[in-house]
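Subject: Structure handover

Hello,

Here is the structure I promised to pass on. My notes on it follow just below.

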Amino acid sequence: MIGGKTPFIATHKTKEAMPDYSPQEIEKKWQKFWKENQTFKTEQNNGKPKFYALDMFPYPSGAGLHVGHPLGYIASDIISRYKRLKGFNVLHPMGFDSFGLPAEQYAVQTGQHPAITTEKNIARYKEQLDNIGFSFDWSRELRTSDSSYYKWTQWIFLQLFDSWYNKDTDKAEEIAGLIAKFEANGTEGVNAHCDEDATAFTAEEWKAFSEKEKQELLMQYRLTYLSESLVNWCPALGTVLANDEIVNGVSERGGHPVERKTMMQWSMRITAYADRLLEGLNRIQWTDSLKEVQRNWIGKSHGCSINFQVENSDIELTVFTTRADTTFGVTYVTLAPEHELVSQLTTDEQREAVEKYVEEAKNRSDRDRMADVKTVSGVFTGSYVINPFNQERVPLWIGDYVLAGYGTGVVMAVPSSDERDYRFATHFGLPIIPVQEGPRTDISQDDFDAKAGTMINSGFLNGLTVPEAIQKAIAYAEEKGFGTAKVNYRLRDAIFSRQRYWGEPIPMYFKDGIPYPMKESDLPLELPEIQEYKPTEDGDPPLGRAKDWTYEVDGEKFPLEMSTMPGWAGSSWYFFRYMDANNDSEFCSKEAQAYWKDVDLYLGGAEHGTGHLLYSRFWNKFLFDRGWVENDEAFSKLVNQGMIQGRSSFVYRIPNSNTFVSKGLRKQHETVPMHVDISMVEDDVLDTEAFKKWRPDLSEAEFILEDGKYVCGDEVEKMSKSKFNVVNPDDICDKYGADTLRMYEMFLGPLEQFKPWNTRGIDGVYKFLRKLWNLFHNNDEWQVSDEPATDAENKVLHGTIKKIDEDIDKLSLNTSVSNFMICVNELAKLKCNKREILEKLVIILSPYAPHISEELWEKLGHSESISKAEWPTFEEKYLVEDSFEYPIMVNGKMRAKISCPADMNPKEVEATALSNEVVQKWLEGKAPNKVIVVPKRIVNIVVK
């Protein structure tokens, strides 16, 4: 009995006419079966242990899938199918992060509603996913652009607006509790995470404030709030972009220029959770590298705030430094180009140069400026500040390596102790004052250590070590009143609003310029129909084009917020919705959360480390604080799959001509490489006729050939339409079948590593599946026997069961494919056709190659899907050797082999060896001087 099923009753050997292995026919049959029977639909089952496997939400692009996209999906599907067979109740859902800029840009260009484009793209995605045979529970499908889904995204926004962060309890609480504190004692005793310049007031003052004044004060505490913010503005896209949406100074989507500007924006107070986001990393199974990415992005540091007085002015500039001990070595202070005091602190003589520099700097994103350590740029303001430690006059500069959004937007520069400051000072000829002496304290040398040596040229700090000097310098700054000890974070509050149409509407309306929340009962606030999808002539977001974008309260209409939510909003909580996807009354019931709890295995790319994975942890912790979810971390185990890279092909064009030179001859000519569509290349040889038909401008192309053919160059790089190296999984499925694709993608290499796609190896996997098929057939006739399996056959099977269990546990899915190949080869050598062996073999293969496994399972006499079977139990007894063949060494050379029972004691092994005829010959009648028996290894005989 396997999986509770009665085996097909057959005679000694059943013969049945069977066609040759036809993957396309078999796969369509079983995909249809799974869909019609809802085979993978999941219900809550408290009698079974749960397993929640999740893939990161895909955005449904118009290009569809290429072979690199399914890599993680295949891995999670293997684990999901395996867990079902092991008795788990598996939740393995799929949906779409369906709001996004590409659909909106297409709408701007064509006038077609983004919903139409998105629906078409999703249909294509689902078709491709189904073709690969994934065991998704499509009854729980989510789309962030469905109003039934974004109703709850809007609901979460309202809860954030209605919350503040209480540092005393270290969690988010309802804003009503804060109002009660204000009514009783004003701001006295309130320990909140709020704006740094939050207004202080008494209870009497609070009661005397107008409604508008109260709402403005509460905005300083709310977890989502409206304020003026420095943002990344993309004029071409007409929207604000997050730092992670900008690459090399341009938008990730479309490559458009991005500039920095100040705008009124909604923000999320993620900084309130900085310490808890760091602490939580210690409790989850993520890679160390990904954890480090988040730690660096949060950027917690201990240091000191120090005030520098501007010369001949009442203005003070505050810097944050982790190295207060080096302040005696400050030779200039630098402002961020966006700092609000730049204009005021610039002298007339320097104004033109400063304005030009600021204009250039604002077009670079924070990420680019942080990453670019080689470029040195800056401009002198003409002003000076006073160093509070020694009263020295220090020039005030502007440099784009300083970020307005990090710290105070002001940096004190110590060129002798900081490499960036050193490059700047060297470039502009500024003084460099050494403040440390001893080994490895020369910043111009490769062995420089910023914390080595003892202090010099530093007044009362001279002679102290760096750690001692840091503490003494901070104490001095606090004693004199120009500095305070402080913990700082690189993490900034997250800009939340986007000036675009295709996103979740923000459920807020404005009364007297103050934002108020809509009633929860009026959600969802749905996107209105508009005629054009670009900003209005007045510069308002596209929602400004709606005919009546207002909200009615007590018979009076008020304007609604015209910005929409960012792309990360819907993906910050979708993992909860899958637990209870069709619940109309709440975003996820307590019962569903109590059962599913969290995601047991989350697969996705490491590139989401500072975007989705950070924001979703933030929202999770907030929902936990307010009592709506069970756990404060959603993803207990996260695996970052590597990337399947494309193998690009190149032709070599002679400049200003239509002549192309074969790879081996290109050194004889001046050439420029050009990507060519890989569909026209086979074994690196170009189909020149297809190339000439590829584009009109190539119709008259001429070729300089080598050995009568045009040989292309190649390079491994990211798979991309622009590089013409995309391989469509549909083409692979059509030619080889989905099971071959699934197993080949795993076979390419370890899941977490990057690896190039190369179809040359895929034929081996296809031949393996045919060999598997032939174990069950002889000349296309069914040939499965009910005879008992031999020990040799059981040894092969159970050795494979053990290895596959271990492979899946370690996610070494590539080695599983090799182990299956070895298993089938060995069974073929044994001419094994035993039901006892083959039934268990198809069960353990089914997570990897589900279609062929289902077909063979059915032919073995089972009426239910193989996914309902039970994973076979590994039995150690079949791997225990009954005998061992000992090599017999005589004077260091192997002279014979003897077979002994595996449990024979060494004395008996020795006697057996010495009685062997071949050994007797080499002993020549002499008694051995020494006999060494190493159990289950070797027998060594020494004779003189």
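First, a word on terms: helix axes are lines fitted to C-alpha atoms over the stretch in contact, and angles run from 0 to 180 degrees between N-to-C directions. Helices (H or I, at least four residues) and strands (E, at least two) are DSSP runs, numbered from the N terminus. Please keep in mind that this is a predicted model, where local features need pLDDT of at least 70, side-chain atom pairs count only at pLDDT 80 or more, and totals for chains, interfaces and linings use all residues. Residues are numbered from 1 along each chain as its sequence is written, and side-chain values use heavy atoms, with hydrogens and water left out.

Now the overall picture. The protein chain has 28 helices and 42 strands, and its C-alpha trace spans about 110 × 80 × 75 Å along the principal axes. Of its 944 residues, 53% are buried (under 20% relative accessible area; exposed is over 50% and partly exposed in between, with a 1.4 Å probe and protein chains only).

Next, a helix crossing. The axes of helix 2 (residues 70-85) and helix 21 (residues 738-747) come within 10 Å and cross at roughly 105 degrees. The two helices are therefore roughly perpendicular to each other (65 to 115 degrees; under 35 is roughly parallel, over 145 roughly antiparallel and the rest oblique). In helix 2, the residues meeting helix 21 include Leu71, Ile74 and Arg81, while Leu741 and Glu745 are among their partners in helix 21. Contact here means heavy atoms within 4.5 Å.

The structure holds 74 aromatic pairs (rings of Phe, Tyr and Trp, the last by its six-membered ring, with centres within 6.5 Å; planes under 30 degrees apart are stacked, over 60 edge-to-face and the rest tilted). One of them joins tryptophan 397 and phenylalanine 424 edge-to-face, at 5.6 Å centre to centre and 85 degrees between the planes. Tryptophan 397 is in strand 16 (residues 393-398) and phenylalanine 424 in helix 14 (residues 419-428), so the pair ties together parts 27 residues apart in sequence. Tryptophan 397 counts as buried at 10% relative accessibility, and phenylalanine 424 is buried at 2%.

Finally, what does histidine 798 contact, leaving aside its neighbours within four places in sequence? The list is Thr873, Phe874, Glu875, Tyr878 and Leu879. Histidine 798 lies in helix 23 (residues 791-810) and is buried, with a relative accessible area of 0%.

Best wishes
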